[in-house]
Amino acid sequence: MVDSPNCEFMERVNMMKSENRKLSKKNAELQKQSVNPRLAKLLAEIAVGKEVIVAFANSNVKSMLEVWFNSIKKIGIPNYLVVSLDDAIVEFYKENDVPVYKRDPDENVDFIGKSGGNHAVKFRILREFLQLGYGVLLSDVDIVYLQNPFDHLYRDSDVESMSDDSLWL
(Lines give C-alpha, C1' and ligand atoms only; values in the text may rest on other atoms or scores of the structure.)
Protein backbone atom coordinates (compact mmCIF):
# COMPACT_ATOMS: atom_id res chain seq x y z
CA MET A 1 0.00 0.00 0.00
CA VAL A 2 1.32 3.42 -0.97
CA ASP A 3 1.32 6.21 1.57
CA SER A 4 -0.71 8.90 -0.24
CA PRO A 5 0.41 11.93 1.85
CA ASN A 6 4.07 10.94 1.30
CA CYS A 7 3.55 10.70 -2.49
CA GLU A 8 1.85 14.07 -2.55
CA PHE A 9 4.71 15.55 -0.54
CA MET A 10 7.36 14.16 -2.93
CA GLU A 11 5.39 15.37 -5.94
CA ARG A 12 5.21 18.84 -4.40
CA VAL A 13 8.98 18.81 -3.66
CA ASN A 14 9.74 17.87 -7.27
CA MET A 15 7.48 20.66 -8.56
CA MET A 16 9.22 23.16 -6.30
CA LYS A 17 12.66 21.99 -7.48
CA SER A 18 11.57 22.38 -11.09
CA GLU A 19 10.21 25.86 -10.41
CA ASN A 20 13.44 26.81 -8.60
CA ARG A 21 15.52 25.75 -11.63
CA LYS A 22 13.34 27.84 -13.94
CA LEU A 23 13.57 30.89 -11.67
CA SER A 24 17.35 30.51 -11.28
CA LYS A 25 17.76 30.43 -15.06
CA LYS A 26 15.52 33.48 -15.49
CA ASN A 27 17.44 35.30 -12.73
CA ALA A 28 20.76 34.60 -14.48
CA GLU A 29 19.36 36.01 -17.72
CA LEU A 30 18.08 39.14 -15.96
CA GLN A 31 21.44 39.69 -14.25
CA LYS A 32 23.20 39.64 -17.62
CA GLN A 33 20.74 42.19 -18.99
CA SER A 34 21.34 44.58 -16.10
CA VAL A 35 25.12 44.62 -16.50
CA ASN A 36 26.79 47.49 -18.35
CA PRO A 37 26.19 46.95 -22.09
CA ARG A 38 29.27 49.06 -22.93
CA LEU A 39 31.47 46.65 -20.98
CA ALA A 40 29.74 43.66 -22.59
CA LYS A 41 30.49 45.04 -26.08
CA LEU A 42 34.14 45.73 -25.22
CA LEU A 43 34.68 42.28 -23.74
CA ALA A 44 33.08 40.63 -26.76
CA GLU A 45 35.66 42.40 -28.94
CA ILE A 46 38.81 41.63 -26.94
CA ALA A 47 38.28 38.43 -24.94
CA VAL A 48 39.58 35.11 -26.22
CA GLY A 49 37.63 32.07 -25.09
CA LYS A 50 35.63 34.30 -22.69
CA GLU A 51 38.88 35.10 -20.81
CA VAL A 52 40.68 38.37 -20.25
CA ILE A 53 43.61 39.79 -18.29
CA VAL A 54 42.44 42.81 -16.29
CA ALA A 55 44.55 45.46 -14.58
CA PHE A 56 43.32 48.48 -12.64
CA ALA A 57 45.32 51.66 -13.04
CA ASN A 58 45.28 55.40 -12.62
CA SER A 59 47.68 58.13 -13.72
CA ASN A 60 49.94 57.49 -10.70
CA VAL A 61 51.22 54.23 -12.23
CA LYS A 62 51.61 55.40 -15.83
CA SER A 63 55.26 54.37 -16.21
CA MET A 64 54.70 50.89 -14.74
CA LEU A 65 51.61 50.46 -16.85
CA GLU A 66 53.56 51.23 -20.00
CA VAL A 67 56.04 48.44 -19.21
CA TRP A 68 53.10 46.13 -18.42
CA PHE A 69 51.20 46.61 -21.67
CA ASN A 70 54.37 46.64 -23.80
CA SER A 71 55.35 43.22 -22.43
CA ILE A 72 51.85 41.96 -23.22
CA LYS A 73 51.97 43.36 -26.74
CA LYS A 74 55.48 42.00 -27.35
CA ILE A 75 54.43 38.39 -26.77
CA GLY A 76 51.13 38.84 -28.58
CA ILE A 77 48.48 38.50 -25.89
CA PRO A 78 45.34 40.00 -27.45
CA ASN A 79 42.91 39.60 -24.55
CA TYR A 80 43.85 42.23 -22.00
CA LEU A 81 42.11 45.29 -20.65
CA VAL A 82 42.94 48.18 -18.36
CA VAL A 83 40.21 49.47 -16.08
CA SER A 84 40.95 53.16 -15.72
CA LEU A 85 40.32 54.59 -12.28
CA ASP A 86 40.66 58.20 -13.38
CA ASP A 87 39.93 60.29 -16.46
CA ALA A 88 43.44 61.70 -16.82
CA ILE A 89 44.99 58.58 -18.29
CA VAL A 90 42.25 57.34 -20.64
CA GLU A 91 43.67 59.31 -23.57
CA PHE A 92 47.13 57.81 -22.93
CA TYR A 93 45.66 54.32 -23.37
CA LYS A 94 43.92 55.27 -26.57
CA GLU A 95 47.10 56.83 -28.00
CA ASN A 96 48.96 53.58 -27.27
CA ASP A 97 46.21 51.33 -28.69
CA VAL A 98 45.51 49.78 -25.29
CA PRO A 99 41.99 48.49 -24.63
CA VAL A 100 40.57 50.57 -21.80
CA TYR A 101 37.36 50.54 -19.82
CA LYS A 102 36.36 53.61 -17.85
CA ARG A 103 33.28 52.77 -15.87
CA ASP A 104 30.33 55.07 -15.58
CA PRO A 105 30.12 57.05 -12.35
CA ASP A 106 28.38 55.13 -9.56
CA GLU A 107 27.69 56.88 -6.26
CA ASN A 108 27.95 53.68 -4.22
CA VAL A 109 31.23 52.55 -5.79
CA ASP A 110 32.71 56.05 -5.73
CA PHE A 111 31.83 56.44 -2.05
CA ILE A 112 33.60 53.16 -1.24
CA GLY A 113 36.68 54.31 -3.16
CA LYS A 114 36.79 57.68 -1.45
CA SER A 115 36.51 56.06 1.96
CA GLY A 116 39.65 54.00 1.31
CA GLY A 117 38.12 50.71 0.19
CA ASN A 118 40.14 50.32 -3.01
CA HIS A 119 39.92 46.52 -3.08
CA ALA A 120 36.17 46.67 -2.56
CA VAL A 121 35.90 48.93 -5.62
CA LYS A 122 37.97 46.57 -7.75
CA PHE A 123 35.95 43.52 -6.82
CA ARG A 124 32.68 45.38 -7.28
CA ILE A 125 33.76 46.22 -10.84
CA LEU A 126 35.05 42.69 -11.47
CA ARG A 127 31.63 41.36 -10.51
CA GLU A 128 30.32 42.88 -13.75
CA PHE A 129 32.84 40.83 -15.75
CA LEU A 130 31.79 37.65 -13.96
CA GLN A 131 28.08 38.36 -14.39
CA LEU A 132 28.72 38.53 -18.12
CA GLY A 133 30.31 35.07 -17.97
CA TYR A 134 33.97 36.01 -18.45
CA GLY A 135 36.96 34.44 -16.74
CA VAL A 136 39.31 37.08 -15.34
CA LEU A 137 43.04 36.95 -14.71
CA LEU A 138 43.56 39.87 -12.36
CA SER A 139 46.99 41.42 -12.85
CA ASP A 140 49.00 44.08 -11.07
CA VAL A 141 50.68 46.59 -13.37
CA ASP A 142 54.14 45.79 -12.03
CA ILE A 143 54.07 42.38 -13.75
CA VAL A 144 56.15 41.69 -16.86
CA TYR A 145 54.88 38.91 -19.10
CA LEU A 146 57.37 36.61 -20.82
CA GLN A 147 54.76 34.05 -21.97
CA ASN A 148 51.03 33.94 -22.33
CA PRO A 149 49.71 33.02 -18.86
CA PHE A 150 46.51 31.58 -20.32
CA ASP A 151 48.61 28.64 -21.55
CA HIS A 152 49.37 27.77 -17.91
CA LEU A 153 46.09 28.22 -16.01
CA TYR A 154 44.15 25.40 -14.36
CA ARG A 155 40.83 27.21 -14.92
CA ASP A 156 39.41 26.02 -11.63
CA SER A 157 38.00 29.42 -10.57
CA ASP A 158 36.32 32.49 -12.05
CA VAL A 159 39.05 34.91 -11.00
CA GLU A 160 42.73 34.07 -11.21
CA SER A 161 45.26 36.41 -9.68
CA MET A 162 49.01 36.84 -9.50
CA SER A 163 51.20 38.11 -6.74
CA ASP A 164 54.32 40.20 -7.18
CA ASP A 165 56.49 37.13 -6.74
CA SER A 166 54.87 35.23 -9.62
CA LEU A 167 57.20 34.35 -12.45
CA TRP A 168 56.02 33.07 -15.83
CA LEU A 169 58.86 31.45 -17.77
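Trainee: Why is Asp97 called exposed?

Mentor: Asp97 has a relative accessibility of 64%, and since exposed means over 50% relative accessible area, buried under 20% and partly exposed in between, with a 1.4 Å probe and protein chains only, Asp97 counts as exposed. This is a predicted model, in which local features need pLDDT of at least 70 and side-chain atom pairs count only at pLDDT 80 or more, while totals for chains, interfaces and linings use all residues. Residues are numbered from 1 along each chain as its sequence is written, and side-chain values use heavy atoms, with hydrogens and water left out.

Trainee: Where does Asp97 lie, and what is its phi near?

Mentor: Asp97 is placed in the loop between α4 (90–95) and β3 (100–101), where helices (H or I, at least four residues) and strands (E, at least two) are DSSP runs numbered from the N terminus. Its phi is near 55°, a positive value in a residue other than glycine. Most residues other than glycine have a negative phi.

Trainee: What makes Lys50 partly exposed, and over the face of which residue does Lys50 lie?

Mentor: The relative accessible area of Lys50 is 41%, so Lys50 is partly exposed. Lys50 lies over the face of Tyr134, at 4.0 Å from the ring centre; the criterion for a charge over a ring is that NZ of Lys or CZ of Arg is within 6 Å of the ring centre and within 35 degrees of the ring normal.

Trainee: Why is the pair of Phe92 and Tyr93 called tilted?

Mentor: Rings of Phe, Tyr and Trp (its six-membered ring) pair if their centres lie within 6.5 Å, and planes under 30 degrees apart count as stacked, over 60 as edge-to-face and the rest as tilted. The centres of Phe92 and Tyr93 are 6.2 Å apart and their planes stand at 55°, so the pair is tilted. Both residues are buried, and together with Phe69 they form one aromatic cluster.

Trainee: What makes the pair of Trp68 and Tyr80 edge-to-face, and which parts does this pair tie together?

Mentor: For Trp68 and Tyr80 the distance is 5.9 Å centre to centre and the angle between the planes is 75°, which makes the pair edge-to-face. Trp68 lies in helix α3 (residues 62–75) and Tyr80 in strand β2 (residues 80–84), so the pair ties together parts that are 12 residues apart in sequence. Trp68 is buried, with a relative accessible area of 0%, and Tyr80 is buried at 5%.
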